[in-house]
Amino acid sequence: MSENPAASKMRSNIRRHVSGSKVHQIQSSVENGGADLLNSVHHHVDEHTALLHRVFQNSDGEPLYKDERPWVGWPMKFGYITWQTLASNPVNIFLVFVPLGIVFGAIHANPTVVFILNFLAIIPLASLLSFATEELSVKLGQTLGGLLNATFGNAVELIVSIVALKNGEIRIVQASMLGSILSNILLVLGCCFLAGGIKHKEQSFNSTVASTMSSLMAVSTASLIIPATLYAAMGRNNATDNRKDNILILSHGTAVILLILYALYLFFQLKTHADLFDEESEPESGEDDGEGHNGEGHILSPWAAGVALVIITVMVAVCAEYLVDSIDSIVQSAHISRTFIGLILLPIVGNAAEHVTAVVVAMKNKMDLAIGVAIGSSMQIALLVTPFLVILGWILGEPMSLQFEIFETVVFFLAVLVTNYLISDGKSNYLEGAMLLGMYIIIALAFYVYPDNPGDPPSPFFSVVSQ
């Protein structure tokens, strides 16, 4: 009687990896039945797993990172915590680009190479920054944790913008702020609706919370529309310098009001109406929250998380410095505008960790968390980060204002309008996600051909395509 081909193949594979008596034992199991074979393989794997565990255990059977001897326990605990931190997000594999980006930037290598390396380096740093913030915020309680998340949630965009503002790159700063908002409410939210809608026919979320966030986004939209229209309205009767001075006065006053509104929102969210946000902010016990944590044990102590925040922030600042310094060369060599770099490319880097988190929780049907990541992050940019940069520019003597170009303001208004329509009913599906993604792609194409100065010619790539 001929042997089953599958059993023959399995036998040859096992023979290559298992020696001696194990081969005869498993061979006998193949002949006696598939269940015996499976039990033998499991027994063999368990033996090797137990041996591996014994390598990292002391004589009392405890893990080495819990060993009371300092020369053994401390190094092993440091290695264990480091591994757990690096394994918190798959994008951390890009950490190899951090030293490369810093070294190539320090030796003044090709600006294009420096830009690409530091562009990729900031992605895992953003992930680690988000991870450390979450670890620290859990230990500090809901109120202080909320404030910490508000501070460090968009730290990458803030650091890059501060570096650009210091260098006088006002267009990069404005485009980065607008691009971060568009990326969150169109790209991130669209991916959430699409990924969640493919797995679930229809998903629901807290429409009251979403409505509150969308209303604040509408107010932030007005804060950009008013300066742009005022600048255009004063064009006929005022000199250019007078118009800019008046717009700066309006921007400074508006920035202060927006910061006050954001502080009131935090008080609303964390104190007076905290019950509305409880479902959104607290994952179910024992379940993963989308960032590699579960409701039980956390990896970093408060001191370790604080030190990690400082180190990661410094590394982000260094990479951002080299990234911004190489933008001029990228603009000249790649023939793309500063607006496109700031509005499309940089937000993708800064929001990479949030993208992953939001899509993961959306696929788990936790749409309140996904809405909180996407819309909440956009609201932080509009009501906290952008006004802060206007005030900082005021202090540094840089003419950072809320006066965007008319086209940019219209795009922002339409994006917020569409998003508000889609989330108003408290339900989502994959078609709505496809709509948001389609709109984001259209906007990206529009800004690719949109020059830094409206009078400039469009990108040469599209000039060739249109001929």
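This is a predicted model: local features need pLDDT of at least 70, side-chain atom pairs count only at pLDDT 80 or more; totals for chains, interfaces and linings use all residues.
Reader: In which helix is glycine 438 found?

Author: Glycine 438 belongs to helix α19, which covers residues 430-449.

Reader: How far apart are glycine 438 and leucine 187 in space?

Author: Their C-alpha atoms are 9.0 Å apart, although 251 residues separate the two in sequence.

Reader: Let me turn to cavities. How many cavities of 30 Å³ or more are there?

Author: The count is 5. The largest cavity has a volume of about 70 Å³.

Reader: Which elements give two or more residues to the lining of the largest cavity?

Author: These are α9 (170-199), α10 (207-233) and α17 (367-396). Among the lining residues are Met177, Ser220, Ala382 and Phe412.

Reader: And how do the residues of that lining divide into nonpolar, polar and charged?

Author: The lining of the largest cavity has 9 nonpolar residues, 3 polar ones and no charged ones.

Reader: Now the surface. Which residues form a nonpolar patch there?

Author: The patch consists of Ile406, Val410, Phe413, Leu414, Leu417 and Tyr421, and together they have about 550 Å² of accessible area.

Reader: Where is leucine 414 found, then?

Author: Leucine 414 lies in helix α18, residues 406-423. Leucine 414 is partly exposed, because its relative accessible area of 38% lies between the limits of 20% and 50%.

Technical notes
Residues are numbered from 1 along each chain as its sequence is written. Side-chain values use heavy atoms; hydrogens and water are left out. Patches are made of residues with over 30% relative accessible area and no salt bridge: like charges are joined within 9 Å, nonpolar side chains (Val, Leu, Ile, Met, Phe, Trp, Tyr) within 5 Å. Accessible areas come from the Shrake-Rupley method with a 1.4 Å probe; for residues, only the protein chains shown count as cover. A salt bridge is a side-chain nitrogen of Lys or Arg within 4 Å of a carboxyl oxygen of Asp or Glu. Helices (H or I, at least four residues) and strands (E, at least two) are DSSP runs, numbered from the N terminus. Buried means under 20% relative accessible area, exposed over 50%, partly exposed in between (1.4 Å probe, protein chains only). On a 1 Å grid over the protein atoms alone, a cavity is a set of points where a 1.4 Å probe fits but cannot get out, and a pocket is an open set with protein on both sides within 12 Å along at least five of seven lines; lining residues have an atom within 4 Å of a point. Grid points are joined across faces, edges and corners, and a volume is the space filled by probe spheres set on the points. Ala, Val, Leu, Ile, Met, Phe, Trp, Tyr, Cys and Pro count as nonpolar, Asp, Glu, Lys and Arg as charged, and the others, Gly among them, as polar.
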